[in-house]
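The structure and its sequence are shown first.

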Amino acid sequence: MAAFITNTQVSGYSLTGKRNGEYGGLLALIGLFSFLLLLTSPGFGQTTKARQLYDQSIKLFGERRATEAIPFMEQAIKENPNFTDAYIKLGQLYEFTKRYEPAIAAYRNALRLQPDSPASGAAYQSLSNTLLRLGRYAEALPYLEKYQTLFAPQSVQAKRIERQIETARFGQNALQRPQTVDPKPLSPVLQTTPSQYFPVLTADEQTLVFTALKPEGDEDLMVATFNGETWTPPVSLSPGINTPENEGTASLSADGRLIVFTACQGRKGFGSCDLYVSQKTGDTWSTPDNLGPTINTRFYESQPALSADGRRLYFVSDRPGGKGRRDIWRADRDSLGNWADPVNLGDPINTPQNEASPFIHPNGQSLFFASDGHIGLGGYDLFVSDSNQSGWSAPANLGYPINTSEDQASLFVSATGKRAYYSYEEQKDGVSQKSRLYAFDLPESLRERVRPVSILKGVIADARTKKPLAATIELIDLKTNQVITQVQADAQTGQYTTVLPSGGEYALYVSTPGYLFKSLSFDFTQKKSERGDGLTLAVPLEPAVAGATAKETLNNLFFESGRYDLADKSRTELNRLSAFLKMNPALRIEISGHTDDTGEAAANQTLSQKRAQTVVTYLSQAGIDPGRIRAVGYGKTRPVAPNTNDENRRLNRRIEWRVL
């Protein structure tokens, strides 16, 4: 599963993933080769013929004619089989031309001749680096251990080699304990351009956005939808978002109506790469806005990751104040849409090296990211860390073959925790050819730590006119009274999507000015949420007008059986009702209590009255004029379902409210 395509400017990549031109790579290798030339110069005692061939080979390589240089270096060795430096240079020439097996053989020949000489350091370094790059950790270890003895124990070089030894040991162990993964390409329908990468999806996995590399070199954001059997042909996300310049590395909110993406040129910005945002209403995306100077600086900002509701943003930056070169930062957005100052995630996420391509799971707790600073299998590996009350857990390597000796730097995990999406970079002779979108089932060992979410979606509309409403949907944890998610329904269609985390008890409120709010209750504490739970719920809202007969149930009021004192977790619901009454000071309401048919009718009547009165008392203490509220107990006389089973009886035990 090698070669996840790397993210924006990760390990020498351009804006959205493709490697910088061959010329840039050539210059880097020529620089390395020149450096190694200084480390190992040919010793005395070489034959004139061998030395002439050696010099001719070096001259050709300096002219960027590596393939032509190889025969001269090979002939120099034939002239003098003990020419150690020629073996080292030949290995480097083979390595440069992606001929790794001959390179390894050449380095080994050099070490066979002078295993203990400091002059062989370049051979040890090149050989171990090549073996690590190829994932041959067991072979690399003895060479690294020998190489380390050539330096003082606390020297910078010895410490660098020690880190390579840790990588080799970790990789060797990972290969012995592989994860069970079986990557499958997504539909060939998506392959309309030379390469596709960086997939992101909506929470329901019905909409896919990815970066596409076009033949002319332009990178655009494309979108496809799942029709129940396969993906539709991809189209440009929006003519207002895509330009003749490059756009990429996008992140979507769970409902797919908010996008943040990266652009590094062609737009007015603050730095080398900036983040931009666009909002979708109906079928139209707004003109992208720069996220502004709080998020974007004169430094590098890229690789965004939105929380499910779009209120929190993770991104990568090399701005001052970080822990390393490129770090992961986080910023929160307030109710007015303003972003707070970004906070560096710090330990244990960020390292003195580079972190890249964060992805925050819709559960808001599992952070996937890439790093070349944490110990892994080499280069950039993928890790996961979980947020808890004490901070972030120690990052866990996702293991082999999700990670390999190649760079891996982008992963998207579905809301259900079942599937992972990525881009696979096909190579030929070590050179990138094209990238395709793939998916695999997340191994059970990783599923166990990714807390799944359920998905709730539907349409919100006026109960009478059926007109779509741009309502607010809020999910509140009844234990902490904290808002977990807050999203808006589409102003044109009334469509909404929100996520419901497992393992808690939640109140969900749907509200918009001029209407009674809808109260829903979700209890995931009694049983583990089924992975892949998807709920569809149309929400009709009743106008808040005097004399209306429509009523709403307060679904998040809790009483012990036969009692009328409220449980503490009922405060969330009562505070919501209190706020509604304060925003609508001219309205008067009725609070009505209802019971099931269990017990005596008189006792039920009394209990329902006392429960209704308890609500009135709470609202009065919260500052609502008691004259605006009427408490009525109806006992068992107005059931909403036949009292034939426990579930129906639970529905009949309720508190309702309506406008008088």
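What volume does the second largest pocket have? In this predicted model, the volume of the second largest pocket is about 1100 Å³. Its lining is made up of 35 residues, and those nearest the pocket centre are Asn555, Leu557, Phe558, Arg650 and Arg653. Two or more lining residues come from each of β28 (518-523), α11 (601-621), α12 (646-652) and β34 (654-659). By residue class, the lining of the second largest pocket holds 13 nonpolar, ten polar and twelve charged residues.

| Helix pair | Axes | Angle |
|---|---|---|
| α5 (residues 100-113) and α6 (residues 121-133) | within 9 Å | roughly 150° |
| α7 (residues 137-148) and α8 (residues 156-176) | 9 Å apart | about 160° |

The crossing of α5 with α6 is left-handed. On the α5 side, the contact involves Tyr100, Ile104, Tyr107, Arg108, Ala110 and Leu111; on the α6 side, Ala123, Tyr124, Ser126, Leu127, Thr130, Leu131 and Arg133 take part. These contact residues of α5 and α6 comprise nine nonpolar, two polar and two charged.

How are α7 and α8 oriented to each other, roughly parallel or roughly antiparallel? Their axes pack at an angle of about 160°, and angles over 145 degrees count as roughly antiparallel; α7 and α8 are therefore roughly antiparallel to each other. The crossing of α7 and α8 is left-handed. The contact of α7 with α8 is formed by ten nonpolar, six polar and four charged residues.

How values were computed. Residues are numbered from 1 along each chain as its sequence is written. This is a predicted model: local features need pLDDT of at least 70, side-chain atom pairs count only at pLDDT 80 or more; totals for chains, interfaces and linings use all residues. Side-chain values use heavy atoms; hydrogens and water are left out. Axes are lines fitted to C-alpha atoms, for helices over the stretch in contact, and angles run from 0 to 180 degrees between N-to-C directions. Helices (H or I, at least four residues) and strands (E, at least two) are DSSP runs, numbered from the N terminus. A crossing is left-handed if the near helix is turned anticlockwise from the far one by less than a right angle, and right-handed if clockwise. Contact means heavy atoms within 4.5 Å. Ala, Val, Leu, Ile, Met, Phe, Trp, Tyr, Cys and Pro count as nonpolar, Asp, Glu, Lys and Arg as charged, and the others, Gly among them, as polar. On a 1 Å grid over the protein atoms alone, a cavity is a set of points where a 1.4 Å probe fits but cannot get out, and a pocket is an open set with protein on both sides within 12 Å along at least five of seven lines; lining residues have an atom within 4 Å of a point. Grid points are joined across faces, edges and corners, and a volume is the space filled by probe spheres set on the points. Angles under 35 degrees count as roughly parallel, over 145 as roughly antiparallel, 65 to 115 as roughly perpendicular and the rest as oblique.
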